[in-house]
Amino acid sequence: MSLSNLTKDKQIIAIVCNQFGDTGKGKFSDYFAANWADVIARGTGGNNAGHTIILNGKEKILHLLPSGIIQDSKGKINILGNGMVIDIKALCQELEELEKENLTYKNLMISKDAHIIMPWHVSQDRAKNMSQKSGGIGSTGRGIGPCYADKIARRGIKIADLFDEEVLEYKINKIKQFYPEQEIDFQKTLSELKPYIEKIKPFVKNTIQEIHKLKEQGKKICLEGAQGLFLSVEHGTYPYVTSSDPSINGTASGVGLNAQDVDLTLGIIKFPFMTRVGAGPFPTELGGKSSEEYCAQGLEHDEDYEIKTYIGNANKQEKTIDLMNSEDEFTQGVGIRLAAGEYGATTKRPRRTGWTDAVLAKYARRINGPHFILTKVDSLAGAKQFGICYGHKLNGNTTTEYDQNGKFLKQITPELKFYDGYSDISQVKDFDSLPEGLKQSIKDFEDFTGGKVEIISVGAGRDETIVR
Ligand code: IMO
Ligand code: MG
């Protein structure tokens, strides 16, 4: 099937992640922005996201702006939705980066109802949640959790409040009592924020009204998810989650739409390996606890460190294949990380690696629907075999149902089925030409989850994409 068949009669398409984030939402949001959408809107999270796209052969990482911003000069509208939490300084920095590359953002819209990440949110997040080494959940340290906490506690500050000094002063003075360790001063905060307030002012809109107008005009809308279903505060491995609901429900709600308005939800997973960054259960992690502890060291074990330690002067491609084919699971995990470049786009931390967990994917199919995109499939080229997890086993009992229970998820062993590995597939253009082991695993995955694999990504570039 071609892209035009997949998108036939569709007006609103959502791209969400069905794992722990970092599955390639950037690539696909860019793909749909370039090939299909008129409007690209984000509904959840903030600059904890890191969405990588390839622009003129160069990597570009976006944190707040939807990936469609690259298409602004073609008249594409990009929306930061009401469900987002926005650090306006970080947003202005991203806008300045666009300016440096001579990219425009004249059709940008920022929801007046999005909440603002204030400096005290960032300080509190860094003090309490960031460090995995001292028991934190390993947040990205961007102030996401504290900002959403204030939102839910009904004391948050919205973008609209920036344009009413009286309200802003009242709200800032009121919030002080909740941050006793911090010095919060209205005038100081205002003068710090002033340049950013001025810069974003022309783009602030009632985006809920705008998106409905655009919908009524028949514009094609792409919703760009952030984070992933298993980081959702509703569905994820609570409390090791982010503070929003990046499912299709939260994503639609976060731009002011109903999930039923969405004609096609595409849930992305990495396949046949997956990753997680930060703390929390990860049943299929290669190297288990040792990998978790090693990755918790963060920047001490970043890409430079791993290249120096595991590759040295050897040929990188050959050596990573050797590592992936090691007898030792921890080493296999390092090999996959190096082969696939799995280091945080936002924090540079090494991502934990493991086999794709179809038990999680089956749950994801229930929440986000049956349509899957598989990404990073090419990265495993050279591995002699790979595993897919079809069960969670504890004390002789196997379940094929995901349960948020973190203690359980940490104790279980994955039931893996192994398949023959494959070599380079980056040039493959159609599903039938994929290697047999891979095709069989996709078929088994579909049978198990009840889902359908619509798209397979075999490389970072827009054209390295197989639409089934
Ligand atoms: P994208 O959109 C992967 C993780 C953090 C941490 C937990 C909570 O690029 O897929 P937070 O800062 O949100 O309070 O951190 O969630 N996390 C992500 N992991 N991809 C992301 O975004 C993430 N955003 C947050 O590592 O474990
Ligand atoms: Mg990312």
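This is a predicted model: local features need pLDDT of at least 70, side-chain atom pairs count only at pLDDT 80 or more; totals for chains, interfaces and linings use all residues.
**Entry 1: H6 against H7.** I began with a helix pair, and found that Glu165, Leu168, Glu169, Ile172 and Asn173 in H6 meet Phe186, Thr189, Leu190 and Lys194 in H7. Contact here means heavy atoms within 4.5 Å. Sorted by class, this contact of H6 with H7 has four nonpolar, two polar and three charged residues. For the classes, Ala, Val, Leu, Ile, Met, Phe, Trp, Tyr, Cys and Pro count as nonpolar, Asp, Glu, Lys and Arg as charged, and the others, Gly among them, as polar.

Residues are numbered from 1 along each chain as its sequence is written, chains are lettered from A and ligands numbered from 1 in the order in which they are written, and side-chain values use heavy atoms, with hydrogens and water left out.

Next I looked up how the two helices cross. The axes of H6 (residues 165-175) and H7 (residues 186-200) come within 10 Å and cross at roughly 125°. Axes are lines fitted to C-alpha atoms, for helices over the stretch in contact, and angles run from 0 to 180 degrees between N-to-C directions. H6 and H7 are therefore oblique to each other; angles under 35 degrees count as roughly parallel, over 145 as roughly antiparallel, 65 to 115 as roughly perpendicular and the rest as oblique. H6 passes H7 in a right-handed crossing. A crossing is left-handed if the near helix is turned anticlockwise from the far one by less than a right angle, and right-handed if clockwise. The element labels come from DSSP runs numbered from the N terminus: helices (H or I) have at least four residues and strands (E) at least two.

**Entry 2: H3 against H7.** I then turned to H3 (residues 88-100), which packs with H7 at an angle of about 60°, their axes 9 Å apart. H3 and H7 are therefore oblique to each other, and H3 passes H7 in a left-handed crossing. On the H3 side I listed Ile88, Lys89, Leu91, Cys92, Leu95, Glu96 and Glu99, and on the H7 side Leu193, Tyr196, Ile197, Lys199 and Ile200. By class, that contact has eight nonpolar, no polar and four charged residues.

**Entry 3: the magnesium ion.** Which protein atoms are the donors of the magnesium ion (ligand 2)? I found Asp22 (OD) and Gly50 (O), lying 2.1 to 2.3 Å from the ion. Donors are N, O and S atoms within 2.8 Å of the metal (3.2 Å for Na, K and Ca), and water is not among the atoms, so sites may look incomplete. The pair links distant parts of the chain, 28 residues apart: aspartate 22 sits in the loop between E1 (12-17) and H2 (25-35), and glycine 50 in the loop between E2 (39-42) and E3 (51-55). Aspartate 22 counts as partly exposed at 22% relative accessibility, whereas glycine 50 counts as buried at 12%. Buried means under 20% relative accessible area, exposed over 50%, partly exposed in between (1.4 Å probe, protein chains only).

Entry 4: A reminder first: most residues other than glycine have a negative phi, and most peptide bonds are trans. Asparagine 56 has a positive phi of about 45°, and this residue is exposed, with a relative accessible area of 76%. Lysine 348 has a positive phi too, near 65°; this lysine is in the loop between H13 (329-340) and E13 (352-357). I also noted two cis bonds: tyrosine 238 to proline 239, with omega near 5°, and phenylalanine 271 to proline 272, with omega near 0°. Proline 272 is in the loop between E11 (264-270) and E12 (273-276).

**Entry 5: methionine 274.** Leaving aside neighbours within four places in sequence, methionine 274 is in contact with residues including Phe20, Phe282, Trp355 and Leu360.

**Entry 6: H5.** Last, I checked H5 (residues 144-152), where Ile144, Pro146, Cys147, Tyr148 and Asp150 are buried. What covers these buried residues includes E6 (85-86), E8 (115-116), H4 (119-128) and H6.
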